[in-house]
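Hello,

Here is the structure I promised to pass on. Please open it and follow along with the notes below.

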Amino acid sequence: AEDVVQEGCVGFWKARGRARSAGMLFAARRSAALDHRRGEQRRRRREMAAMEGRAWFEEGGAADAARREEIEQALAALPAEQREVVVLKIWGGLTFGEIAAVVGEGANTVAGRYRYGLEKLAGVLGETEVRRG
């Protein structure tokens with residue numbers, strides 16, 4: 001809440017070229033509060049999507065050593081570029097834009113590597129559906 005109030009005050013102060021009033025201060029604080037709320041909603045959606053992306057690895061006995069070994073072998077069988085993207089996306093929780101910056105490729109290239117990697121993993125692991133996170 002304090003951060004939102006501070007952002008609102010900063011927005012109000014930046015509007016110093018225009019006539020400042022109590023109404024403008026209220027509008028700046030309201031705008032900051034709405035921006036904060038939208039950001040929190042986006043963060044929650046990203047986190048939920050990331051958790052869904054991990055679920056197919058963790059459900060149905062993934063906690064036991066045999067399943068982990070099977071997953072590790074399937075990951076090792078992927079081409080290095082696909083393996084890197086899958087690991088960064090699922091376990092690193094990075095966005096395609098962030099992964100693109102890490103690997104020095106375009107976001108569309110990274111997204112394609114992720115999709116193809118998941119398809120190969122699903123085939124090797126016998127999964128009927130892989131959630132794309």
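Start at Leu75. Leaving out residues up to four places away in sequence, Leu75 touches Arg83, Val86, Val87, Trp91 and Leu121. Keep in mind that this is a predicted model.

Now the core. The largest nonpolar core has 15 residues. Leu75, Val86, Tyr114, Leu118 and Leu121 touch the most other members. Helices H3 (65-77), H4, H5 and H6 each supply at least two residues of this core. H6 gives the largest share, five residues.

Next, H4 and H6. H4 covers residues 80-90, and H6 covers residues 107-125. Their axes come within 8 Å and cross at roughly 95°. Angles of 65 to 115 degrees count as roughly perpendicular, so H4 and H6 are roughly perpendicular to each other. On the H4 side, the contact is made by Glu81, Gln82, Val85, Val86, Lys89 and Ile90. The H6 side includes Val110, Arg113, Tyr114, Leu118 and Leu121. By class, this contact of H4 with H6 has eight nonpolar, two polar and four charged residues.

Last, H4 and H5. H5 runs over residues 96-103. The axes of H4 and H5 come within 10 Å and cross at roughly 135°. That makes H4 oblique to H5. The crossing of H4 and H5 is right-handed. Here Glu84, Val85, Leu88 and Lys89 of H4 meet Phe96, Ile99, Val102 and Val103 of H5. The residues of this contact of H4 with H5 are six nonpolar, no polar and two charged.

Best wishes

Conventions. Residues are numbered from 1 along each chain as its sequence is written. This is a predicted model: local features need pLDDT of at least 70, side-chain atom pairs count only at pLDDT 80 or more; totals for chains, interfaces and linings use all residues. Side-chain values use heavy atoms; hydrogens and water are left out. Axes are lines fitted to C-alpha atoms, for helices over the stretch in contact, and angles run from 0 to 180 degrees between N-to-C directions. Helices (H or I, at least four residues) and strands (E, at least two) are DSSP runs, numbered from the N terminus. Angles under 35 degrees count as roughly parallel, over 145 as roughly antiparallel, 65 to 115 as roughly perpendicular and the rest as oblique. A crossing is left-handed if the near helix is turned anticlockwise from the far one by less than a right angle, and right-handed if clockwise. Contact means heavy atoms within 4.5 Å. Ala, Val, Leu, Ile, Met, Phe, Trp, Tyr, Cys and Pro count as nonpolar, Asp, Glu, Lys and Arg as charged, and the others, Gly among them, as polar. A nonpolar core is a set of buried Ala, Val, Leu, Ile, Met, Phe, Trp, Tyr and Cys residues joined through side-chain atoms within 4.5 Å. Buried means under 20% relative accessible area, exposed over 50%, partly exposed in between (1.4 Å probe, protein chains only).
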